[in-house]
Amino acid sequence: MEPRPPTIRPRRLRRTPALRDLVRETRLTPTDLVAPLFVKEGIAEPQPVASMPGVAQHTVDSVRVEAKHLRAVGVTSWLLFGVPATKDPEGNEAANPDGIVAQTLRTLRDDHGDEVVLVADTCLDEYTDHGHCGPLRADGSVDNDAAVAAYARAAVTQAEAGADLVAPSGMMDGQVAAIRAALDSAGHAERVGIMAYCTKYASAFYGPFRDAAECAPQFGDRAGYQLDPGNADEGVREALADVAEGADLLLVKPAMAYLDMVWRVKQATGLPLAAYQVSGEYAMLHAAAQYGWLDGDRAMAESLLGIRRAGADLIITYAAAWFARRLQQG
Ligand code: PBG
């Protein structure tokens with residue numbers, strides 16, 4: 001390589017904060033962020049989640065308050081997870097029109113109209129007593145087609161309760177096509193979209209979420225349905241398959257250990273892409289900060305910026321409210 005000519009001095013543009021602001025390529029705004037919200041049936045007060053500082057399992061009343069805070073700082077997209085009072089092997093509660101998520105969707109839609117985007121997680125692991133993402137066969141494996149049929153029923157319930165987007169997160173084959181067909185035949189072809197978890201890995205970083213959603217598998221793991229962490233080409237194939245099945249938005253998860261997949265899925269599809277900064281990513285930054293081992297605020301902000309720079313159009317993050325407030329304060 002030729003030596004760099006002495007006239008080229010990139011540091012000239014790094015000299016002051018104002019210059020750095022001027023040439024910064026990647027920025028985040030509150031509307032790039034989606035806040036996950038947990039609602040639990042049968043509790044009287046919100047319950048903090050120990051492994052996720054600042055995150056709680058909400059009642060319908062307390063989630064309304066949280067939603068007002070989020071809206072006040074400009075975070076207007078919310079992803080709802082429900083924890084039902086009763087679980088069974090089939091996860092039937094997921095499709096209950098009076099279930100906790102359906103109630104919450106109706107309430108938040110009443111409170112906020114179309115000023116907000118309501119996304120509903122469409123999966124069964126919060127609803128099954130064994131914690132897997134679908135009903136089981138006799139050998140303990142998840143029955144793909146039974147799971148998909150149940151997701152389709154849950155999605156219609158969520159659409160009817162006011163969801164703008166349903167977000168199937170179970171990694172079952174054919175889930176997007178089946179949900180699209182069910183939504184269309186229930187009259188939601190024009191109004192309700194699918195945010196497809198197309199590229200979701202079998203990850204250790206979901207640990208704290210499983211406390212929050214009370215959905216840890218009671219035996220085995222999710223490696224029989226979620227992607228193997230070593231597979232990148234397969235992650236792209238899954239994304240392309242979901243596009244062909246009618247996905248409106250795609251999602252890569254986790255984010256930080258899979259930024260190559262954020263980039264590759266975006267390049268391969270061109271669809272709006274979400275990346276999920278998952279519970280373990282959030283928890284480890286908080287934990288290290290609590291030990292005084294890194295500057296938690298800066299590390300969190302840098303992590304979110306990196307996800308956006310890798311190609312995510314939006315980021316699902318438990319830090320959404322905190323980050324938006326920080327932006328407001330300048
Ligand atoms: C499953 C689901 C999971 C998460 C979102 N949806 C857990 C899992 O696959 O075990 C994890 C999110 C997080 O860790 O923040 N329906």
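Trainee: Which kind of crossing, left-handed or right-handed, does α7 make as it passes α8?

Mentor: α7 passes α8 in a right-handed crossing. The rule: right-handed if the near helix is turned clockwise from the far one by less than a right angle, left-handed if anticlockwise. Bear in mind that this is a predicted model, where local features need pLDDT of at least 70 and side-chain atom pairs count only at pLDDT 80 or more, while totals for chains, interfaces and linings use all residues. Residues are numbered from 1 along each chain as its sequence is written, and side-chain values use heavy atoms, leaving out hydrogens and water.

Trainee: What makes α7 and α8 oblique to each other?

Mentor: Their axes (lines fitted to C-alpha atoms over the stretch in contact, with angles from 0 to 180 degrees between N-to-C directions) cross at roughly 40° and come within 10 Å. Under 35 degrees is roughly parallel, over 145 roughly antiparallel, 65 to 115 roughly perpendicular, and the rest oblique. α7 and α8 are therefore oblique.

Trainee: Which residues make that contact?

Mentor: Contact means heavy atoms within 4.5 Å. From α7 you get Asp-233, Gly-235, Val-236, Ala-239, Leu-240 and Val-243, and from α8 Met-261, Arg-264, Val-265, Ala-268 and Thr-269. They divide into seven nonpolar, two polar and two charged. Here Ala, Val, Leu, Ile, Met, Phe, Trp, Tyr, Cys and Pro count as nonpolar, Asp, Glu, Lys and Arg as charged, and the others, Gly among them, as polar.

Trainee: Why is α2 called oblique to α3?

Mentor: α2 (residues 60–72) and α3 (residues 100–112) pack at about 45°, with axes 10 Å apart. That makes α2 oblique to α3. The α2 crossing past α3 is right-handed.

Trainee: On to the ligand: how many residues surround it?

Mentor: 17 residues do, and Arg-210, Arg-222, Lys-253, Ser-279 and Tyr-318 are the closest. A residue is near if one of its heavy atoms lies within 4 Å.

Trainee: What kind of peptide bond joins Lys-253 and Pro-254?

Mentor: A cis one, with omega about -10°. Pro-254 sits in the loop between β8 (249–253) and α8. Helices (H or I, at least four residues) and strands (E, at least two) are DSSP runs, numbered from the N terminus.
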